[in-house]
Amino acid sequence: MTRVDGTSYSPYTRFERQAWDRLATRTPMPLTQSDIDRLASVGDPIDMREVEEIYRPLSALLQLYVDGRRRTGAERRTFLAEADTPSTPFVIGIAGSVAVGKSTVARLLQFLLQRWPHTPRVDLVTTDGFLYPNAHLEARGILARKGFPESYDRQALINFLADIKAGVPRVSAPVYSHVVYDIVAGQEISVEQPDILIVEGLNVLQPPKTQPDKPSLAVSDFFDFSIYVDADETHIEQWYIERFLKLRKTAFTREDSFFRTYADLSDAEAEATARMIWHAINLPNLTENILPTRERATMIFTKGASHRVESLQLRRD
């Protein structure tokens, strides 16, 4: 941002990769390469060096945030004489484009945070479970806009997070299958008062909807920390295409796959199809809805062409 007098300023502190890496010695490294291989998403390569240089310092930083919130909560309860009131989960939101690698970020953080000395319970929920079922989207004529803000049951997601923050003992969320490309009827996941909850999704940093005579709440109002995973659009497009080509030989070959017809495409046909889907759906969603929320995050990861994080920006207190 630039002031009227021409001076530049930013609400973020920027760390280049080398400067961030110097913080790594402040926290242990509880992962092995086999752990990392198991956690990485399709098309999102990651290695031990990336985890050591980027995620170890992040884990230590998050521990500071969580511990600080716990201290504040304890002091608040003492001041208000709320001795019997339990602390509520620390909620981390992770946002970014399709194919940018936010799922890997979420799983790595879950794995690392679970291995803190006091071994907290860390749960992970994706917002895919709060997509409307395909039948609902088809009835509204927006099946092709799955992933856009209007394709989510936003109120159900807000209610879920409100219950989490209220300390409800057991909160349930629907289950989404990327194979059948729909909500799985009759299935749900349960979240039972974790120490930390990670919420990962495309649009979790969307601002609140303003409607007359209705409360204006955003999903991010329930976050204690949030991360936006960023990269150049041309890189993300290439990662999306590469992932599509890999899925064509794996998940798309399943008989129950919604995308079964894509499994028989040639390499050229598959690449052309992936590029068409990217430009028709994913790129417009990124530019219109996801990217504009980047500066609402507590931290911004910026990745280079190789999927390596090149710099990080942390919002100033």
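Tyr181, Tyr240, Phe244, Phe252, Phe258, Phe259, Tyr262 and Trp278 come together as one aromatic cluster. Keep in mind that this is a predicted model. Across the whole structure, a search turns up 14 aromatic pairs. Here are two of them, both involving phenylalanine 244.

| Aromatic pair | Centre to centre | Angle between planes | Arrangement |
|---|---|---|---|
| Tyrosine 240 and phenylalanine 244 | 6.5 Å | 45° | tilted |
| Phenylalanine 244 and tyrosine 262 | 5.4 Å | 50° | tilted |

Where do these residues sit along the chain? Tyrosine 240 and phenylalanine 244 are both part of helix α7 (residues 233-248), four residues apart, or about one turn of the helix. The pair of phenylalanine 244 with tyrosine 262 instead links distant parts of the chain: phenylalanine 244 belongs to helix α7, while tyrosine 262 is in the loop between α7 and α8 (267-290), 18 residues apart.

As for burial, tyrosine 240 and phenylalanine 244 are both buried. Phenylalanine 244 has 4% relative accessibility, so it counts as buried. Tyrosine 262 comes out at 22%, which means that tyrosine 262 counts as partly exposed.

Now for a pair of helices. Helix α3 (residues 48-79) packs against helix α4 (residues 102-113) at an angle of about 60°, and their axes are 10 Å apart. Angles that are neither roughly parallel, roughly antiparallel nor roughly perpendicular (65 to 115 degrees) count as oblique, so α3 and α4 are oblique to each other. Their crossing is right-handed.

Which residues meet there? On the α3 side they are Val51, Tyr55, Leu58, Ser59 and Leu62, and on the α4 side Val105, Leu108, Leu109, Leu112 and Leu113.

Technical notes. Residues are numbered from 1 along each chain as its sequence is written. This is a predicted model: local features need pLDDT of at least 70, side-chain atom pairs count only at pLDDT 80 or more; totals for chains, interfaces and linings use all residues. Side-chain values use heavy atoms; hydrogens and water are left out. Axes are lines fitted to C-alpha atoms, for helices over the stretch in contact, and angles run from 0 to 180 degrees between N-to-C directions. Helices (H or I, at least four residues) and strands (E, at least two) are DSSP runs, numbered from the N terminus. Angles under 35 degrees count as roughly parallel, over 145 as roughly antiparallel, 65 to 115 as roughly perpendicular and the rest as oblique. A crossing is left-handed if the near helix is turned anticlockwise from the far one by less than a right angle, and right-handed if clockwise. Contact means heavy atoms within 4.5 Å. Rings of Phe, Tyr and Trp (its six-membered ring) pair if their centres lie within 6.5 Å; planes under 30 degrees apart count as stacked, over 60 as edge-to-face and the rest as tilted. Buried means under 20% relative accessible area, exposed over 50%, partly exposed in between (1.4 Å probe, protein chains only).
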